[in-house]
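Here is a short briefing on one protein chain. Look at the sequence and the structure first, then read the points below.

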Amino acid sequence: MMMLNAIYIYLWKMPVSSSSAVNVYVRVHRNSPYLVCMDLPLSQSEVIDPNYLWIGPNGQNLKRKQYVNLTETGKLMLVGFKEHMSGSYMCTLSYRVFRNDMQAEEERFKTYKFMIYVNPFAPGWEVSCRQITTDCEDITNSHVYKARGLIEKFFREQWYILKHEFVNIPAIHYIDHSFQVTRLDSCRPGFGKNDFIHNDCANCCVACDPGSYSPNNDITCQPCTSIRIKHYGAKSC
C-alpha cells in the first residue's frame, strides 16, 4: 500500500468588505501571499493620503518586524511562515475623502481582518524542498505516481515470469490485479483537519487552534482541558 501526498494550495482573497474576515492558508516555511489592506469597492475609488497599520497576533505592531515584508501600498507578506505565527492579523486603513460640497476633507477608517493558518505538505518535505527552485510539491507528487507505475510494472512482469518460466510457483507470490494504491489521510502532530472551520480548505492539515492539540498523525485536533494552550500547533496537553 502506498500513500499519495496531497497537494495543498495557497488560498488568498481581497476582502469583500471591512466586516468580513478572510482565511489564508500558508505552507510551513514558505512566504504568504500578499495581504491587501483594502476591499474591492474601495480599491476602485480614489483615496487621499492612505495610511496602513498592521497588527499581528498578541497585539504586536508588525512594522519593522524581520519576518514581515510590508510595502508602501499597505500590502503585507509574512516570510518563512511557522506554526506560532498563525492567528489573527488586522489592518486599519485611514484615509481622507472630499465631502459632497468638495470644500473640505473628511477622515475615514476601515479595519480588515485575516485569519492565517499554516499547513504542511508532508513530514520532512520542507528540508528537501529548500534546495529545489521549482514547485517542490508538484515534483514530489510526480515522483510518487512514477514510483507507483514502476512498482505496478515490476509485479506485473514478475507475475508473467512466474507463470510462464517457473514450473513451481513460490508459496509467496503476486496475484494479478491485486496491486492497489490507496491514499492514507493523516496530518503531522500539531495539525488537524476541520471542514467546518476551514470549509474553504477542507483537505488542508491546519495548525491546531489554541486550546486544542494533536499528539500523533491523526487528522483531528483534540480539546485540552487540563491546561490552557495559548499557541497554535500544540502537540501535547
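**Salt bridges and overall build**

Asp 49 and Arg 96 form a salt bridge, with their closest N and O atoms 1.9 Å apart. A salt bridge here is a side-chain nitrogen of Lys or Arg within 4 Å of a carboxyl oxygen of Asp or Glu. This is a predicted model, in which local features need pLDDT of at least 70 and side-chain atom pairs count only at pLDDT 80 or more, while totals for chains, interfaces and linings use all residues. Residues are numbered from 1 along each chain as its sequence is written, and side-chain values use heavy atoms, leaving out hydrogens and water.

**Asp 49 and Arg 96**
- Asp 49 is in strand S2 (residues 48-55) and Arg 96 in strand S5 (residues 87-98), 47 residues apart; strands are DSSP runs of E with at least two residues, helices are runs of H or I with at least four, and both are numbered from the N terminus.
- Asp 49 is exposed at 51% relative accessibility, whereas Arg 96 is partly exposed at 24%.
- Buried means under 20% relative accessible area, exposed over 50%, and partly exposed in between (1.4 Å probe, protein chains only).

**Other salt bridges**
- The count comes to 3 salt bridges.
- Lys 110 and Asp 39 form one of them, at 3.2 Å from N to O.
- Lys 110 lies in strand S6 and Asp 39 in the loop between strand S1 and helix H1, so the pair ties together parts 71 residues apart in sequence.
- Asp 39 is buried at 1%, and Lys 110 is partly exposed at 25%.

**Whole chain**
- The protein chain has 3 helices and 10 strands.
- Buried residues make up 35% of its 237 residues.
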